[in-house]
Amino acid sequence: MKFTEEHEWLRVEGDLVVVGITEHASEQLGDVVFVELPEPGTQVAKGDEICVIESVKAASDISAPVDGEIVEVNDALADNPALVNEDPLEGAWFFKMKLEDMDQLDAFMDEDEYKDFIG
């Protein structure tokens, strides 16, 4: 797994990258009540805002961590946004991407670096 400074995690599955938010981020958000996901087939560039998460505390955006195409979204989050709080590292993935360049992942933190980052 790789981690971003924006508290997203990225996991490689074959030629796809699965993206979600970390446990730390889900704790900071509080109880998640709504998740808006991108449409499959959407081309994104690193930094594009592509998801909205609403919690009892605030609304937050998830930006694309890398360049690529959204190929699948986790529809279970639309029906049960609380999954983000219950299982942020497995069941609450947001989308899967096909990357233009897998080397983009080299820029992100590993788990130990992320733990140091959040203190």
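A polar contact here is a pair of N or O atoms within 3.5 Å; within protein, one must be able to donate a hydrogen and the other to accept it, and residues adjacent in sequence count only if both atoms are side-chain atoms. This is a predicted model, in which local features need pLDDT of at least 70 and side-chain atom pairs count only at pLDDT 80 or more, while totals for chains, interfaces and linings use all residues. Residues are numbered from 1 along each chain as its sequence is written, and side-chain values use heavy atoms, with hydrogens and water left out.

**Exercise 1. Describe the setting of Thr-4.**

Step 1: Thr-4 sits in the loop between strand S1 (2-3) and strand S2 (8-13); strands (E, at least two residues) and helices (H or I, at least four) are DSSP runs, numbered from the N terminus.

Step 2: Thr-4 counts as buried because its relative accessibility is 1%, where buried means under 20% relative accessible area, exposed over 50% and partly exposed in between (1.4 Å probe, protein chains only).

Step 3: look for a polar partner. A polar atom of the Thr-4 side chain lies 3.1 Å from the backbone nitrogen of Glu-6.

Step 4: list the contacts (heavy atoms within 4.5 Å). Beyond its neighbours within four places in sequence, Thr-4 meets Leu-10, Pro-65, Phe-108, Met-109 and Tyr-114.

**Exercise 2. Is Lys-96 buried or exposed, and what does Lys-96 touch?**

Step 1: find the strand. Lys-96 belongs to S9, residues 95-99.

Step 2: apply the cut-off. With 15% relative accessibility, Lys-96 counts as buried.

Step 3: collect the partners. Not counting residues up to four places away in sequence, Lys-96 touches Glu-13, Leu-16, Val-17, Val-18, Glu-69, Ile-70, Val-71 and Glu-72.

**Exercise 3. Work out which residue caps the N-terminal end of helix H4, and what follows H4.**

Step 1: start at the N-terminal end. The cap on H4 (residues 111-118) is Asp-110, with a side-chain oxygen 3.1 Å from the backbone nitrogen of Asp-112.

Step 2: move to the other side. Gly-119 follows H4 and has a positive phi, near 80°.

**Exercise 4. Now step back and summarise the whole protein.**

Step 1: count the elements. There are four helices and nine strands, in the order β-β-β-α-β-β-β-β-β-α-α-β-α from the N terminus on.

Step 2: consider burial. Of the 119 residues, 43% are buried.

Step 3: see how contacts span the chain. Among contacts between residues at least 6 apart in sequence, 61% join residues at least 24 apart.
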